Amino acid sequence: MAAILARAGATAAASGSLPKSTGRRRRNAVIVAAATGTGQAMPQEGALERPAWSGETPLSRLVGALIAFKPLYSLMKLASREVIIRTAEKWNIPWREMTKKVLESDVYEVFERIRDPKLVYPDYYLSPFHAYDEGNLSWLEHHQKYSGNCEINDILDIGCSVGVSTRYLAEKFPSAQAVGLDLSPYFLAVAAQKEEKLSRQNPIRWVHANGEATGLPSDSFDLVSLAYVCHECPARAITVLVKEAFRVLRPGGTIALTDNSPKSKVLQELSPVLFTLMKSTEPFLDEYYMLDLEETMRQVGFANVCSILTDPRHRTVTATVPY
């Protein structure tokens, strides 16, 4: 999401398509331009509020029962892992070669420098994710994540993974100080290792911390980005993440969340094989789809909550902290 946000925002600013006003309206124009893009057909919403295979529907319960059957679940994990790798390779991403290169590099030394050994991981973060038993706390899982002219001075990218979105933000807003924060020291080590090879006006600061309690000062950021984070968290954690974003944002600051859209026509029409495999690797998907994210943001205190489909599968939800 942050990559989309930065790229489209910079394009809109360069083309002069943003309003000439300053402050919150100008910042929101960048976010909206980023979310919608230019010259592209708008993605379609499905007929339902959420996919029929999610939540408490009979179909969802049937899929849950299949996943709970351990021998079948083991086969699902293997199949899901192969689907993910093949999808990457279909898009000319040499997954196996890149993984081998990372594991044979000095990333282990970077890992030891960046890891906070005192950090306590929340229980949900220790669950299996993306077809790996160790979930986000492993070297192999990190590779699955590869799938301007604005008043933004300080950026926080929560759940930055391997730093792709953070680097995009830093490149498109070179005068801003970007912070990439993640719970996984494995992800951060890969991100920091890549960053060390670059020369940047304002080097990215990598922080190993929990996005629910970042330890960062209040009122210290203009933009908080969460890209593809919420669907990997239980509802209680999503609420706390939104509260923490509200705390660290300055008045007038913007939160931008991009993630799966429950209203996506593509997701609602997934084949039984694909949605079963997907649910087998995403333990909190039902909670995410059942949560009213926009209303949660309003209850926390955000204003100007806006949600739009940014591509056939994903939505971007933006909101601002009142002055």
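Author: Helix α3 (residues 58-68) and helix α4 (residues 70-90) have axes that come within 5 Å and cross at roughly 95°. This is a predicted model, in which local features need pLDDT of at least 70, side-chain atom pairs count only at pLDDT 80 or more, and totals for chains, interfaces and linings use all residues. Residues are numbered from 1 along each chain as its sequence is written, and side-chain values use heavy atoms, with hydrogens and water left out.

Reader: Why are α3 and α4 called roughly perpendicular to each other?

Author: Angles of 65 to 115 degrees count as roughly perpendicular, those under 35 as roughly parallel, those over 145 as roughly antiparallel and the rest as oblique; the axes of α3 and α4 cross at roughly 95°, and the two helices are therefore roughly perpendicular.

Reader: Which residues make the contact of α3 and α4?

Author: With contact meaning heavy atoms within 4.5 Å, Leu66, Ile67 and Ala68 of α3 meet Lys70, Leu72, Tyr73 and Met76 of α4.

Reader: What makes α9 oblique to α13?

Author: The axes of α9 (residues 235-248) and α13 (residues 293-300) come within 10 Å and cross at roughly 45°, which makes α9 oblique to α13.

Reader: Which residues have the most contacts inside the largest nonpolar core?

Author: A nonpolar core is a set of buried Ala, Val, Leu, Ile, Met, Phe, Trp, Tyr and Cys residues joined through side-chain atoms within 4.5 Å, where buried means under 20% relative accessible area (1.4 Å probe, protein chains only). The largest has 48 residues, and those with the most contacts inside it are Leu156, Phe221, Val224, Leu226, Ile255, Met297 and Phe302; its largest share, 6 residues, comes from α9.

Methods
Axes fitted to C-alpha atoms, helices over the stretch in contact; angles between N-to-C directions. Helix = DSSP H or I, 4+ residues; strand = E, 2+ residues; numbered from the N terminus. Buried < 20%, exposed > 50% of the residue type's maximum accessible area, 1.4 Å probe, protein only.
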